[in-house]
Every structure is written in C-alpha cells, then in structure tokens.
Amino acid sequence: MVEIYRTDQQVLNTLTDIQDGCWINMVDPTSKELEQIAERFEIEPEDISSALDEEESSRISLEDGYTVILVDIPTPEVRHEKKMYTTIPLGIILKSEAIITVCKVDTPIINYFVRNKVKEFSTKKKMRFIYQMLFRSAFVYQANLRLIDKKRIEIEERVDGDTSDTDLIELHELESTLVYFATSLRANSIVLERLRRYKRLEQYPEDMELLEDVMVEYQQAIEMTTIYRDVIDGTRELMSSVIDSKLNNVMKYLTSITIVMAIPTIISGIYGMNVGGEWMPFAKTPFGFEIISGIILLICIIVLWVLRKKKML
C-alpha cells in the first residue's frame with residue numbers, strides 16, 4: 001500500500017500524485033510498488049526494501065542524492081496465544097523533494113501522523129518530521145515498557161497463590177521482549193547521535209531542541225529497560241525459590257506420611273510372621289487384636305505430635 005500526503009496550512013491532505021514537499025507512506029508494499037518509487041526517485045531498490053527485512057539493524061547511510069535512515073520501532077505480536085511486543089525496522093528515505101517511510105506493518109506510530117494528531121507537523125520540514133516520529137517512537141517504547149512491568153506485577157502477585165508453568169513462560173517472554181527493546185534502543189541512540197551531526201539538510205534551532213528531547217526520552221527508555229530487566233530477574237528468582245519451597249514442603253509431608261504409615265505396617269508384619277502363637281504378646285489375651293490396634297494408634301498419634309512439633313506437618 002502506498003499513500004501520499006502533504007501538509008498545507010497545518011492540514012494534512014491526501015494526494016493522488018507525487019508533489020514537492022510530500023510524504024510517501026509505504027506499508028507492506030508490493031515489489032511493483034517498490035520498483036515504481038525507486039524508479040521515480042532514482043533510489044536503489046535494496047535501500048527501500050531493506051526496511052522490510054526484520055533482521056535489518058538500525059543505521060543511517062548517506063547515498064548519492066538521498067539519505068537512508070533505519071530505526072527499530074515497537075510493535076505488538078502474539079506469542080503463545082498472549083500479546084507480547086517486539087521491534088521491527090522503519091525505513092525513512094530523505095530526498096530533496098519528498099520524504100518516504102517504509103514499514104512492514106501498519107504501525108500506530110505512523111498512524112498517529114496520518115490522523116494529524118501531532119502539533120506543528122509538516123511534511124515539508126523533513127528533519128523535524130523525522131524527530132517527531134522518533135519522539136513518538138520513544139513514547140510508545142515507554143508505554144510498552146510500563147505495560148510489561150504491569151504484567152510482571154500481575155505474575156508476582158500470584159506467586160503466593162496459584163503459580164503455574166504458564167507464568168514462568170510469560171515471564172521469560174517478557175524478559176525476551178526487554179532484550180529486543182534494549183538492543184533496538186541502543187542502536188537507535190547511535191542513529192540519533194549521527195543525526196545530531198547531520199549536515200546534508202538544513203536543521204533549525206527548534207529541530208535541534210526537539211532532537212535533544214528525543215535523545216533524553218530514548219535514554220530514559222534505555223534506563224527503564226535496564227531496571228525492568230533487573231526486576232524481572234528478581235521476580236524469576238523469587239518464583240523459583242517459592243516453587244522450590246513448595247516442593248520441599250510436599251516432600252516433607254510425604255516423608256511424614258510414610259513414617260506414620262510404616263508403624264502399623266511394621267507391627268502387623270511382625271505379628272504376621274509364621275511362629276508359634278504362644279510366643280506372641282497378646283496372642284491368647286481376650287481382645288488382643290483391639291489392644292494391639294490401640295497401641296498402634298497411640299504410637300501413630302505420638303509420632304504425629306512429634307512431627308508436628310518439628311514442623312514436618
């Protein structure tokens with residue numbers, strides 16, 4: 001899908017053809033659409049299609065007549081039937097007459113600009129447009145990080161109760177997401193540092209101030225990622241300790257039950273030996289069976305009391 005926009009008097013308009021100062025938004029474009037845009041702006045097709053490769057890393061490259069910027073942006077995905085987050089590349093190509101964005105999915109970051117929700121947004125002010133996109137990206141990163149921490153808190157609240165294997169799997173998925181975020185945020189920070197020294201297009205003082213704000217937001221997101229990863233490590237260790245403690249308690253209960261059950265088994269086994277009855281205590285005593293059963297019951301009660309006192313039950 002290829003859409004063309006341009007702002008006139010702070011109003012975003014949809015165009016049917018390419019004009020100076022326009023923004024070309026490409027979402028999961030076909031090979032034919034890639035070829036048309038590449039031919040129209042004299043861009044290498046590989047530079048446009050690179051944003052469609054999920055393994056492509058963030059970078060900025062200065063080509064002959066245009067600039068390619070690749071950054072990683074957060075996007076939701078479904079893993080193990082649960083909503084998680086990952087990062088995908090967003091390609092930004094700067095030409096003197098237009099700005100081109102390429103992405104594999106219809107991301108909320110771009111839709112925010114399509115709905116014209118950004119103040120002082122203009123497709124003609126290319127560098128400011130880029131910084132606004134990156135600022136929005138940093139905001140989404142932080143929002144997703146807070147949602148990740150909220151999910152961690154929900155798992156942590158279930159530690160004393162019904163902790164299941166799915167909680168451990170979900171905690172691992174959250175930690176994996178934070179690894180993706182940390183890697184992408186660091187790579188994006190390097191791109192921002194290079195943009196600070198970018199001289200090919202004119203940058204106004206307001207643009208540089210916005211860039212500083214973006215770098216601050218990205219640094220905050222990096223710090224949040226580091227903190228949340230450490231907290232998740234602690235939560236995972238807590239869950240492991242709780243599970244081990246529950247297992248130990250089960251083993252204690254089973255051991256105690258085995259000890260108590262062994263008492264009547266041993267006594268009945270002795271009385272079941274093939275020996276002369278006159279040598280067995282209570283063999284010829286009236287109510288001998290009841291007496292032996294009472295003794296067994298008394299011994300079991302004493303053992304239970306001792307085990308209880310030793311906190312084995």
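Is aspartate 213 buried, partly exposed or exposed? Aspartate 213 counts as partly exposed, because its relative accessibility is 41%. The legends below describe this residue and several other sites in a predicted model.

**View 1**
Helix α6, which covers residues 205–271, holds aspartate 213. The relative accessibility of aspartate 213 is 41%, so the residue falls in the partly exposed class, which runs from the buried limit of 20% to the exposed limit of 50%.

**View 2. The two domains of the chain.**
Domain 1 takes in residues 1–243, and domain 2 takes in residues 247–308. The centres of domain 1 and domain 2, taken over C-alpha atoms, are 71 Å apart.

**View 3. Asparagine 249 and serine 268 in helix α6.**
Asparagine 249 is located in helix α6, and serine 268 is also placed in helix α6. Asparagine 249 counts as partly exposed because its relative accessibility is 30%. Serine 268 has a relative accessibility of 45% and therefore counts as partly exposed. From serine 268 to alanine 51 the C-alpha separation is 79 Å, and the two are 217 residues apart along the chain.

**View 4. The nonpolar surface patch around isoleucine 291.**
Phe282, Phe287, Ile291, Ile295 and Ile299 make up a nonpolar patch on the surface. Together these residues have about 440 Å² of accessible area. Isoleucine 291 belongs to helix α7, residues 288–309. Its relative accessibility is 33%, so isoleucine 291 counts as partly exposed.

**View 5. Arginine 6, aspartate 8 and lysine 124.**
A network of salt bridges links Arg6, Asp8 and Lys124. Within this group, arginine 6 and aspartate 8 form a salt bridge through their side chains, with an N to O distance of 3.5 Å. Arginine 6 is buried because its relative accessible area is 18%, under the 20% limit for that class. Aspartate 8 has a relative accessibility of 24% and so counts as partly exposed. In the whole structure, 9 salt bridges are found.

**View 6. The salt bridge between aspartate 28 and lysine 104.**
Side chains of opposite charge can pair when their charged atoms come close. Aspartate 28 and lysine 104 form a salt bridge through their side chains, at 3.5 Å from N to O. This pair joins distant parts of the chain, 76 residues apart. Aspartate 28 is in the loop between β3 (22–27) and α1 (31–41), while lysine 104 is in the loop between β7 (98–103) and α3 (108–114). Lysine 104 is partly exposed, because its relative accessible area is 35%. Aspartate 28 counts as partly exposed because its relative accessibility is 39%.

**View 7. The backbone at aspartate 28 and glutamate 42.**
Most residues other than glycine have a negative phi. Aspartate 28 is not a glycine, yet its phi is positive, near 45°. Glutamate 42, also not a glycine, has a positive phi of about 55°. The loop between β3 and α1 contains aspartate 28, and the loop between α1 and α2 (45–49) contains glutamate 42. Glutamate 42 is exposed because its relative accessible area is 66%, over the 50% limit for that class. Aspartate 28 is partly exposed, with a relative accessible area of 39%.

**View 8. The salt bridge between glutamate 56 and arginine 59.**
The closest N and O atoms in the salt bridge of glutamate 56 and arginine 59 are 3.2 Å apart. Glutamate 56 has a relative accessibility of 21% and therefore counts as partly exposed. Arginine 59 is partly exposed because its relative accessible area is 25%.

Key. Residues are numbered from 1 along each chain as its sequence is written. This is a predicted model: local features need pLDDT of at least 70, side-chain atom pairs count only at pLDDT 80 or more; totals for chains, interfaces and linings use all residues. Side-chain values use heavy atoms; hydrogens and water are left out. Domain bounds come from an automatic or database domain assignment. Helices (H or I, at least four residues) and strands (E, at least two) are DSSP runs, numbered from the N terminus. Buried means under 20% relative accessible area, exposed over 50%, partly exposed in between (1.4 Å probe, protein chains only). Patches are made of residues with over 30% relative accessible area and no salt bridge: like charges are joined within 9 Å, nonpolar side chains (Val, Leu, Ile, Met, Phe, Trp, Tyr) within 5 Å. Accessible areas come from the Shrake-Rupley method with a 1.4 Å probe; for residues, only the protein chains shown count as cover. A salt bridge is a side-chain nitrogen of Lys or Arg within 4 Å of a carboxyl oxygen of Asp or Glu.
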